[in-house]
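Please open the model in a viewer and follow the selections below in order. Each stop names what to select and then describes what is found there.

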Amino acid sequence: MRELDVQCIADKIAQLCVEANHYLGEDIKACIRQKAEEETWPVAKDVLASIEENIAIAEEGVFPLCQDTGMACVFLEIGQDVHLTGGLLEDAVNEGVRRAYGDGYLRKSIVADPLRRVNTKDNTPAYLHTEIVAGDKVKITVAPKGFGSENMSRIKMLPPSAGEDGVKDFVVDTCLQAGANPCPPIVIGVGIGGTFDKAALLAKKALLSPAQEPNEDPYYAQMEAELLERINQLGIGPQGFGGKTTALAVSIRTAPTHIAGLPVAVNVNCHVSRHKEAVL
């Protein structure tokens, strides 16, 4: 049994929150660069160039990638041979977020109650998802999620008879209905199966997949490629100005489900698809 003080987790989360808001992943940067080279519509090409300029400015460490520095979504994979000491894990996670959003001058966007709308003023509490895995390590993934794109996400409980076509049509229609609202080019996470809540979690975790890596299952890899092509054929384009680049990537995650159901969730992310990870 390995002991790990939760203060180490707080420190690492504080670091990752700031890094995620300033440094976009190389996979997303490569997608944007590739799409900029392929784009033929001059306006769309200019918008993609401005996005690349924005990424470079954020990497200087003063201004974040987006003024919406997001809700801090924290995923922890905790080895079952780890004994956490020094306090409550949830408190440590929120301490790390609180410190990062204060010291890092990141916008505080969280309200304590969904209807009374009083800002907590420190961007806590974080969205926290924990999973027990094998080993004696803790893997931390921090994914700040802006709500311009989150608000465009959808879930639907399809009948099994809807099949593959029903799933694909729902994903494409979600992107069509979103239009320019989520600041395209977008990244799409799709969750298929499980239960109502599991499908949504799968879709959010799909956004953590490397953007240029196809699904390990050839069946779903082909579906990802087809969906990406269909979404880009919508012609919404970067920031809604038209063109061939509405989406950068589509990632699918699945889970077993009930014989009577076909849950499908689509989690929409803008081109600032932020996430950083570390292992303690």
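Helix axes here are lines fitted to C-alpha atoms over the stretch in contact, and angles run from 0 to 180 degrees between N-to-C directions. The model is a predicted one.

Begin by selecting helix H2 (residues 26-38) together with helix H3 (residues 42-58). Their axes come within 9 Å and cross at roughly 155 degrees. Angles over 145 degrees count as roughly antiparallel, and H2 and H3 are therefore roughly antiparallel to each other. The handedness of this crossing is left-handed.

Next, display the side chains where the two helices meet. On the H2 side, select Lys29, Ile32, Arg33, Lys35, Ala36 and Glu37; their partners in H3 are Lys45, Leu48, Ile51, Glu52 and Ile55. Sorted by class, this contact holds 5 nonpolar and 6 charged residues, with no polar ones.

Move on to helix H6 (residues 163-178). Its 16 residues, at 1.5 Å each, should span 22 Å, and the end C-alpha atoms lie 23 Å apart, which agrees. Which residues are buried in H6? They are Gly166, Val167, Lys168, Phe170, Val171, Val172, Thr174, Cys175 and Ala178. Just after H6, glycine 179 adopts a positive phi of about 55 degrees.

Finally, select aspartate 197, in helix H7 (residues 196-206). Is aspartate 197 buried or exposed? Its relative accessible area is 55%, and the cut-off for exposed is over 50%, so aspartate 197 is exposed.

Terms used:
Residues numbered from 1 in each chain as written. Predicted model: local features only at pLDDT ≥ 70, side-chain atom pairs only at ≥ 80, totals over all residues. Heavy atoms only, no water. Helix = DSSP H or I, 4+ residues; strand = E, 2+ residues; numbered from the N terminus. Parallel < 35°, antiparallel > 145°, perpendicular 65-115°, else oblique. Left-handed = near helix turned anticlockwise from the far one by under 90°. Contact = heavy atoms within 4.5 Å. Nonpolar A, V, L, I, M, F, W, Y, C, P; charged D, E, K, R; others polar. Expected span 1.5 Å × (residues − 1). Buried < 20%, exposed > 50% of the residue type's maximum accessible area, 1.4 Å probe, protein only.
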